[in-house]
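Q: I've got a model open and I'd like to learn how to read it. Can we walk through it together, one feature at a time?

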Amino acid sequence: MFFILSKVLVFLLKPITWVAGLLFLSWFSARPERKRRYVMFALVLLLLFSNGFIFNMVISAWEPETVTADKIEKPYAVGILLGGYSNLNIRPAHDRHNLNERANRFVNALELYKKGKVRKLLLTGGQGSITKRNPPEASEVVAFLETMGVPRRDIIVEDQSRNTYENAAFSKALIEEQQLQGPFLLLTSAWHMPRANACFKQVGLEVTPFAVDYLTEEWAPSPEQLILPSARTFYLWELIIKEWVGILAYRIKGYN
């Protein structure tokens, strides 16, 4: 029930939904003063959540600094890669593996393996949708990794988890089942790392965080960046708001 509810509520966490809701109320409001108020609030939200400079300041304060590849002197036994980097709906797919906006999770994990920073990759991630019946992501990416030169013996698959907590719990169970020895390196997006790391601590699996897929950018604000709205920034705010609500929900459930 918690899994289903978390997926349904995502719609209500979209800033564009809030703007549309205010405009909807304005359209049906009979009082002119209230109409103006709804439109004003909608405009404020539109400007706030489409401003790249504001978002960059917020996300730079949120994303943690973790160990970087150049600081890894002794290889980690296993790099644990959390899912969410594939788009299994894109066609054609029979002759390729399609990545999504979170592709840096996968690319940086592969890079660490190729550089000898991790000896094995544990892929964790199953079917995370309640409406689509795609195959588990972790299983689907195995063939792609093999084409990229990673031997099957160095790929460990956990393909039953549906959320971050299950990533942690099922990964620990698999590690114990296969009697894998650490140390373990945890790879996920920087904005997702606080929740992910807390979940792994909660289940009792000691990992070293390795944040990838940073949203923070180093840039000098220009008039265009300060004034012109950005549709992409709306999407990024959606990610972060969903993440913050997820952290709160996990604390209520005792997941972290």
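Predicted model: local features only at pLDDT ≥ 70, side-chain atom pairs only at ≥ 80, totals over all residues.

Q: Is Phe28 buried or exposed?

A: The idea is to look at relative accessible area, where over 50% counts as exposed. Phe28 comes out at 57%, so Phe28 is exposed.

Q: Which residues make up the nonpolar surface patch?

A: For a patch, you look for nonpolar side chains that lie within 5 Å of each other and have over 30% relative accessible area. Here Phe24, Leu25, Trp27 and Phe28 form one of about 540 Å².

Q: What about Ser189: buried or exposed?

A: The cut-off for buried is under 20%. Ser189 has a relative accessible area of 0%, so Ser189 is buried. You'll find Ser189 in strand S4, residues 184-189.

Q: How do I read contacts across the whole chain?

A: Check how far apart the partners are in sequence. Among contacts with a separation of 6 or more, 72% are between residues 24 or more positions apart.

Q: And what does the accessible surface come to?

A: About 14300 Å², with 59% of that belonging to carbon and sulfur atoms.

Technical notes
Residues numbered from 1 in each chain as written. Heavy atoms only, no water. Contact = heavy atoms within 4.5 Å. Areas by Shrake-Rupley, 256 points an atom, 1.4 Å probe, with all protein chains shown as cover. Helix = DSSP H or I, 4+ residues; strand = E, 2+ residues; numbered from the N terminus. Buried < 20%, exposed > 50% of the residue type's maximum accessible area, 1.4 Å probe, protein only. Patch = residues over 30% accessible without salt bridge, like charges linked within 9 Å, V, L, I, M, F, W, Y side chains within 5 Å. Salt bridge = Lys/Arg side-chain N within 4 Å of Asp/Glu carboxyl O.
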